[in-house]
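Have the sequence and the 3D view open side by side as you read.

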Amino acid sequence: MEYTGSQYIGEFVDGRMEGEAEYILPTETKYVGEMKDGMFHGQGTLYFPGGSRYDAIWEKGLVVKGTYTFSDGLQYDAEHWHYCDTYDRRFYTEICYGLKPAGISQLTNMDPPRKIPPGCYDCGDGFYNPTTRIVKDYKNRFLRNAGAASQTCEEGALPRRASGERAR
């Protein structure tokens, strides 16, 4: 354990990890379950630092059957998985072009994303400037005033205070 940086909390049989145990890896991934002859064996769960988990039946360190659950509670289903396929287009650009390297965020499905001036908001057909209350297209040409006719949160509605008065 001292060489790998792992931690074992459990029983030993003939000097080998065996029985109900908790095994914590240096990455803070934690296995809780049955061990036999120093390997994951039987019922056990891997808990990942991000909050996801993998419940499985293990045999001599290998998974026989398991279920992965994301941190938000969504369970992965290998047979009826509709994420990242033609039924669910939320990750369309990742499907077509792969994931971006770590540290490069992709905030929209458009790659490269539209250029929006600092302090402005994307309206879908242009950008809204809350200072001037004007919507311009992506080539910076005037589209419309965000006035009384379009009092939405996105275009010009003043936020309401808790007492019901408009912010000034």
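The sections below start with the basis of the model and then turn to its features.

## Basis of the model

This is a predicted model, in which local features need pLDDT of at least 70 and side-chain atom pairs count only at pLDDT 80 or more, while totals for chains, interfaces and linings use all residues. Residues are numbered from 1 along each chain as its sequence is written, and side-chain values use heavy atoms, with hydrogens and water left out.

## An open sheet

Let us begin with the sheet formed by 4 strands, which is open and has the order S7-S8-S9-S10, with antiparallel pairing. Strand S7 (121-122) and strand S10 (142-145) stand at its edges; each has a single partner strand, so one side of each is left without a neighbour in the sheet. Strands here are DSSP runs of E with at least two residues, numbered from the N terminus, and two of them pair if DSSP finds at least two bridges between them.

Strand S8 (residues 127-129) and strand S9 (residues 134-136) run antiparallel and are joined by 3 bridges. Within this pairing, Phe 127 has Lys 136 in S9 as its bridge partner.

Now have a look at Thr 69, which sits in strand S6 (residues 62-69). Is this residue, Thr 69, buried or exposed? Thr 69 is buried, with a relative accessible area of 10%; buried means under 20%, exposed over 50%, and partly exposed in between (1.4 Å probe, protein chains only).

Leaving aside neighbours within four places in sequence, Thr 69 is in contact (heavy atoms within 4.5 Å) with Ser 52, Arg 53, Asp 55, Leu 74 and Gln 75.

## Aromatic pairs

Rings of Phe, Tyr and Trp (its six-membered ring) pair if their centres lie within 6.5 Å; planes under 30 degrees apart count as stacked, over 60 as edge-to-face and the rest as tilted. The count by this rule is 8 aromatic pairs. One of them, Tyr 31 with Trp 58, is edge-to-face, at 5.9 Å centre to centre and 85° between the planes. This pair links distant parts of the chain, with Tyr 31 in strand S3 (residues 30-36) and Trp 58 in strand S5 (residues 53-59), 27 residues apart. Both Tyr 31 and Trp 58 are buried.

Phe 48 and Tyr 68 make a tilted pair, 6.2 Å centre to centre with 50° between the planes. Phe 48 lies in the loop between strand S4 (39-47) and S5, and Tyr 68 in strand S6, so the pair ties together parts that are 20 residues apart in sequence. Phe 48 is partly exposed, at 29% relative accessible area, and Tyr 68 is partly exposed, at 25%.

Finally, ring pairs link Tyr 23, Tyr 31, Phe 40, Tyr 54 and Trp 58 into a cluster.
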